[in-house]
Amino acid sequence: MNYRIKFEKLEDLMYISHLQVMKTIRRIIRRAELPAAFSQGFNPHIKISMGPPLAVGLISYGEYFDLELKEELVESELIKALNQFSPKDLNFIKAVKIPENIRSLSSLLDTAIYTIEFDFERKKSWEEEKEILQNFMQEESIMIIRHRRKKSDREIDLKKRIFSAEVIEENKWRFAVVTGSRGNLRPEELNRALKARYPEIKEFSPLNVLREGVFVKDEDDFYPPYAEKFIGS
Amino acid sequence: MQYKKKIMENLYKVSSPERYIGNEWNTINKKWQADKMKIALAFPDVYEIGMSHLGLKILYHLINKEENMLAERVYAPWQDMEDLMRKKEIPLYTLESYHEIKDFDILAFTLQYEMSYSNILNMLDLSGMNIYSEKRSEKDPLVIAGGATVFNPEPIADFIDLFFIGEAESFIITLFNKYQQLKNQDLPKKEILFELSKVDGVYVPSLYSESYADKGEIAALHVQAGVKAKSKKQLVQNLDQAFYPTDFIVPYRDTVHERVVLEISRGCTRSCRFCAAGMTYRPSRERSIDRLMEIAEKALKSTGYDEISLTSLSAMDYTKIEELLKRMTAKFSQHKISISLSSLRVDEFSVELANEVQKVRKTGLTFAPEAGTQRLRDVINKNINEEDLYKAARSAFENGWSRIKLYFMIGLPTETMDDLAGIVELAKKVRDIGKEVRKKSKKRMRNIQISVSVSTFVPKTFTPFQWVKMDDIETIIKKHDYLRDNLRGHGLSFSWNDPELSRLEGVIARGDRRLSKVIASAWEKGSRFEGWNECFEARIWGEAFRENQIDPAEYLRERKTSEIFSWDKIDIGVSKEFLLKEYKKSQAGDLTADCRFEECTSCAICANFGVDLELVGGQK
């Protein structure tokens, strides 16, 4: 039986990498003695497949992985078992049974939604903030240098990577941006691009960024990857 | 004070931030209460190295079992993190509660290798304390240390308030309770230390001093009135009864040992004459199979690891190793748990056993013939012959291994160029065996690759070679050149250690108290993480020696058998007479047998501790 499972990674584990999360989930499954299916071959592994990577330093309320079990379990029991053996700040939220051979998480999930709290040197009104964002989004292209580990720097266009943006309350901006195999955008880069235009925006702090989750973009709406339309057979 | 927010805000700026956050599964986060004695357990190297150390795991869980104590962990920050901490004024903190070290009663370091000593100073400094014991305040935590290199504590004697000699789990709780009692009486630190020095296994360096003669010799050892002249190593008599944790902390980051570490035995009596652990960890003691099965089962359940590693100084010498492996594989292989052996003896039997258990991942196999000729192997009492090696290698190739690493030492006493030629010959012969097997093999095999890894012999205290001269730098380089020139060609590779680093290790290994100031100078000049080749700067150490008018060569010379050693104040239980007898035997090329399998060699350890050898298979 296959399950699509939603989890969150909060502050105390914000600096854990994608691969480390994956390793941790496998260990949780072992500790919980769940009837996991193993991959074939010389070095058998518990079969899980993750959604697009969540970068080191980010907090997220909605990440996903698919898990294959040899026996069927009630979804709520599965979630309870996982949480019982999980370190603080890695929480499993919901499991949904899914049929075999449906689209993988990595091919489905294409959007990340961030809420970012901006600090300004001088406090701005909501209206002022809206105006700044509007101007920012009206630019034709937003070029920025991306620093890449062990690779040369590269210039990228943020504009193409932002689906939508709004000021949801004072100091709180929400961005829907591309993620996964079609490219991505780092909140730190957004901050840098904005700061280049509006120097009174304070320097980036990872604690001010929340990833509300990853989603599937369909027309102008964003859905979770276990929405009926993606798992229906 | 706690600094969590400041730390979390800034960690994205450093490499590998997960080193500095804690919150791993099985972490023990006890309530921070005034009436609890608080102990910070420190490993003077980065997280992933420290997290692989068994001794600290044992102490962490042992101390936290006590209701009136709490233990938390701290590791050395890498240089980028050090810079960040200094810039943002974040003091050294523990991974459990993010409390700064100054909030603790005791800061306990484990000493695993000499090349981590500058990190100890750095950690003291990052904690906001003076590096010198005598300059620290009454309020600062008591700074204590123990571990593998504690048997010569003198090079860091000026920095540490108290050393504990031997296996800490046997007496550290008693020691801490005694400390608490004395502290409750509001005694000054000096008096507390004096009282604690009466506890067996405790060495308080400030109560001792040395005077020096010419050429690096020691004229006399001095001790204050009413203080014992020698501190005797403490040990666990019976491993089955000794505390052993099963709820190991599970790190997120890849560490050296991401698996259940199962210590099957302690101590080794093979009597390899270069090996310090072989002398200082005596006597040999084994854990019973039943107990090991129990620990393994609980630990697997608690951690979720998929591998068990059997560790010991010589795992293959466990007297019932076959039965142990049989029971382990029978029980755990259905759960896809793999079993690995920490060290392989050079013989066919070992390879076949390894093949039995390591059905997966045939990546590489290491053999340690240590020396290139039979003559030199006899000198060092490494009891293997060429035939053993060739048979073991053939068996390995036939079982599908294609890469073999051969480990040797250069600079061993009495070594000549013939012995180096022997290394080349052995390596080539092993490669040819591999090629032959590969040619005949019906299965597809990867190219045969023999890597020869050579380290420079460092004479260590409490070994039969504690009297010998270490090779000088030119000789080491000449030997490296010879091996590099002759280990070229298809299927061969050669790696070696920085000779300057080996020499420094040699100086500190047999060093005395005068080295404290040299280590302090080197640290002040920015030396850190010497154990990491890329961080070691010979120039800094050269300056540090010169500034303090110390000639390192004086520490590397041959010692007279009549000389007083700085470490004579430590008693490891093995007699100096035995070591000297072994030294003489080495010069004659005479072998010494293993008392587990043959008769007693009169090293004095059993008599000294009133123990018998504890072997699960009985003595042969």
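In the predicted model, strand 3 of chain A spans residues 59-68. Seven of its ten residues are buried, so the strand is largely enclosed by the rest of the structure. Burial here requires 20 or more other C-beta atoms within 10 Å of a residue's own C-beta.

Strand 3 of chain A pairs with strand 1, strand 2 and strand 10 of chain A. Strand 1 (residues 2-9) of chain A runs antiparallel to strand 3, and seven bridges link the two. Within this pairing, A:K6 has A:Y64 of strand 3 as its bridge partner. Strand 2 (residues 48-50) of chain A is also antiparallel to strand 3. Three bridges join strand 2 and strand 3 of chain A. A:S49 is bridged to A:D66 of strand 3. The pairing with strand 10 (residues 209-218) of chain A is parallel and comprises two bridges. Here A:I59 faces A:L210 of strand 10.

At the level of domains, chain A is divided into domain 1 (2-98) and domain 2 (111-223). Their C-alpha centres are 28 Å apart. The contact between them draws 13 residues from domain 1 of chain A and ten residues from domain 2 of chain A. On the domain 1 side of this contact, eight residues are nonpolar. Four others on that side are polar, and one is charged.

How values were computed
Residues are numbered from 1 along each chain as its sequence is written. Chains are lettered from A and ligands numbered from 1 in the order in which they are written. This is a predicted model: local features need pLDDT of at least 70, side-chain atom pairs count only at pLDDT 80 or more; totals for chains, interfaces and linings use all residues. A residue is buried if 20 or more other C-beta atoms lie within 10 Å of its own, exposed if 12 or fewer, and partly exposed in between; C-beta atoms are placed from the backbone. Helices (H or I, at least four residues) and strands (E, at least two) are DSSP runs, numbered from the N terminus. Two strands pair if DSSP finds at least two bridges between them. Domain bounds come from an automatic or database domain assignment. Two residues are in contact if their C-beta atoms, placed from the backbone, lie within 7 Å. Ala, Val, Leu, Ile, Met, Phe, Trp, Tyr, Cys and Pro count as nonpolar, Asp, Glu, Lys and Arg as charged, and the others, Gly among them, as polar.
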